[in-house]
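Here are some notes for your first look at this structure. Keep the 3D view open while you read.

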Amino acid sequence: TKSEGRGGYCFYEAEMDERIEARRALSTDLRGALDRNEFLLHFQPIVTTDGRVVCFETLVRWRHPTRGFVSPAEFIPLAEETGIIIPMGEWILRQACTIATEWPSDISVAVNLSPIQFRHSDLPLLVRSALRDSGLAAPRLELEITESVFLEATPAIKATLAELREMGVSLSLDDFGTGYSSLSYLRRLAFNKIKIDQSFVKDLPHEQSGAAIVRAIIDLATSLKMTVIAEGVETEAQRRCLLNLGCHELQGYLFSRPVPAKEAEALASRQGLR
Ligand code: C2E
Ligand code: CA
Ligand code: CA
Ligand code: CA
């Protein structure tokens, strides 16, 4: 009836207002979080086919004073909208490089970069400075960048990528398969690794078409001399399937959840995770 419809509408509006208000409050909190030291880094191992740790991916965590841990899926978009991602991203990069110097020298560190950092900061300058100040060797740093950055790769973006590669850092394409770019194009943009998005891994080994897509990605990437990492590996069956398809490196809860720096250091000195 009419009255129900209107009631529904009012309810919807109130809910919208509440949500907007909650976001506003959260972004106010976010503004001071860096100064209050509320961010910390967790690290998740990436392993070779025989279970040896070759890298840790840096994943930021926010310990909110009253709300407890807030998911990066919630606060990273907010940090991007407000521009806080710039100082926050700088802190993450510097901190990750410093922590990685404590690991054996054959283990690298991967750091996620926001597209905003790409467009609105002098990234090569920051990376050079983070490497110099921490003493981390450039080849031990892997920068993870999502495909969306390159939908319209401007000359400036191409120059930034080239400069980073010349410094000797490694470039990984994150969440591959969720966008539309062609792999050969991305290869020309100097990427040396791709990470197959976990949505493809989730359906393995049961989904026939999923396996076909993953196989096609791995075959093409391998022919382009790129290293392929599968993320979100949770089961032994998925691991076996990915190894059969020729995947080079694996990451997921099957091996380890993201862990604090202290625990990462302990994992780093172990022989193998499986
Ligand atoms: P991402 O870069 O694709 O990171 C992988 C996400 O998958 C992480 O979630 C990780 O904890 C989770 N994951 C790892 N293994 C498994 C698994 O086996 N199963 C499942 N279901 N999930 C798994 P997290 O830590 O919540 O981060 C979410 C997203 O937030 C990241 O996605 C990334 O886009 C962003 N993010 C996290 N840390 C940073 C950062 O330091 N800087 C930037 N710019 N973004 C970050
Ligand atoms: Ca990532
Ligand atoms: Ca990813
Ligand atoms: Ca993702």
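This is a predicted model: local features need pLDDT of at least 70, side-chain atom pairs count only at pLDDT 80 or more; totals for chains, interfaces and linings use all residues.

The numbered points below go through the metal sites, the ligand and the pocket.

1. Find the calcium ion (ligand 2). Its protein donors are E57 (OE), N112 (OD1), E144 (OE) and D174 (OD). They lie 2.2 to 2.4 Å from the ion. Along the sequence, the donor residues follow the spacing E-x54-N-x31-E-x29-D. N112 sits in strand β4 (residues 108–112) and E144 in strand β5 (residues 141–146). These two are 32 residues apart, and the pair links distant parts of the chain.

2. Is E144 buried or exposed? E144 has a relative accessible area of 2%, so it is buried. The cut-off for buried is under 20%. N112 has 27% relative accessibility, so N112 counts as partly exposed.

3. Move to the calcium ion (ligand 3). Which residues supply its protein donors? They are D174 (OD), D175 (OD), E231 (OE) and E231 (OE), at 2.2 to 2.6 Å from the ion. The donor spacing along the chain is D-D-x55-E. D175 lies in strand β6, while E231 lies in the loop between β8 (227–230) and α10 (236–244), so this pair ties together parts that are 56 residues apart in sequence.

4. E231 counts as buried because its relative accessibility is 7%. D175 is at 24%, so D175 counts as partly exposed.

5. Now look at the calcium ion (ligand 4). Its protein donors are D175 (OD) and D175 (OD), lying 2.9 Å from the ion. D175 is in strand β6, which covers residues 170–176.

6. See how the ions are linked. The calcium ion (ligand 2) and the calcium ion (ligand 3) are 3.9 Å apart, and D174 coordinates both. The calcium ion (ligand 3) and the calcium ion (ligand 4) are 3.6 Å apart, and here D175 coordinates both.

7. Turn to ligand 1. How many residues surround ligand 1? There are 21, and the closest are Q44, R61, D174, E234 and Y253. For E57, an N or O atom of the side chain is 3.3 Å from an oxygen atom of ligand 1. For N112, a polar side-chain atom lies 3.2 Å from a ligand oxygen. For Q198, the distance from a side-chain N or O atom to an oxygen of ligand 1 is 3.2 Å.

8. Then view the largest pocket. It holds about 1,000 Å³ of space. Its lining has 37 residues, and E57, L59, P72, N112 and D174 lie nearest its centre. By class, the lining has 14 nonpolar, 12 polar and 11 charged residues.

9. E231 and E57 are 174 residues apart in sequence. In space, their C-alpha atoms are 11 Å apart.

10. Finish with N192. N192 lies in the loop between α7 (183–188) and β7 (193–196). Its relative accessible area is 17%, so N192 is buried. A polar atom of its side chain lies 2.8 Å from the backbone nitrogen of L171.

Notes: Residues are numbered from 1 along each chain as its sequence is written. Chains are lettered from A and ligands numbered from 1 in the order in which they are written. Side-chain values use heavy atoms; hydrogens and water are left out. Donors are N, O and S atoms within 2.8 Å of the metal (3.2 Å for Na, K and Ca); water is not among the atoms, so sites may look incomplete. Helices (H or I, at least four residues) and strands (E, at least two) are DSSP runs, numbered from the N terminus. On a 1 Å grid over the protein atoms alone, a cavity is a set of points where a 1.4 Å probe fits but cannot get out, and a pocket is an open set with protein on both sides within 12 Å along at least five of seven lines; lining residues have an atom within 4 Å of a point. Grid points are joined across faces, edges and corners, and a volume is the space filled by probe spheres set on the points. Ala, Val, Leu, Ile, Met, Phe, Trp, Tyr, Cys and Pro count as nonpolar, Asp, Glu, Lys and Arg as charged, and the others, Gly among them, as polar. Buried means under 20% relative accessible area, exposed over 50%, partly exposed in between (1.4 Å probe, protein chains only). A residue is near a molecule or strand if one of its heavy atoms lies within 4 Å of it. A polar contact is a pair of N or O atoms within 3.5 Å; within protein, one must be able to donate a hydrogen and the other to accept it, and residues adjacent in sequence count only if both atoms are side-chain atoms.
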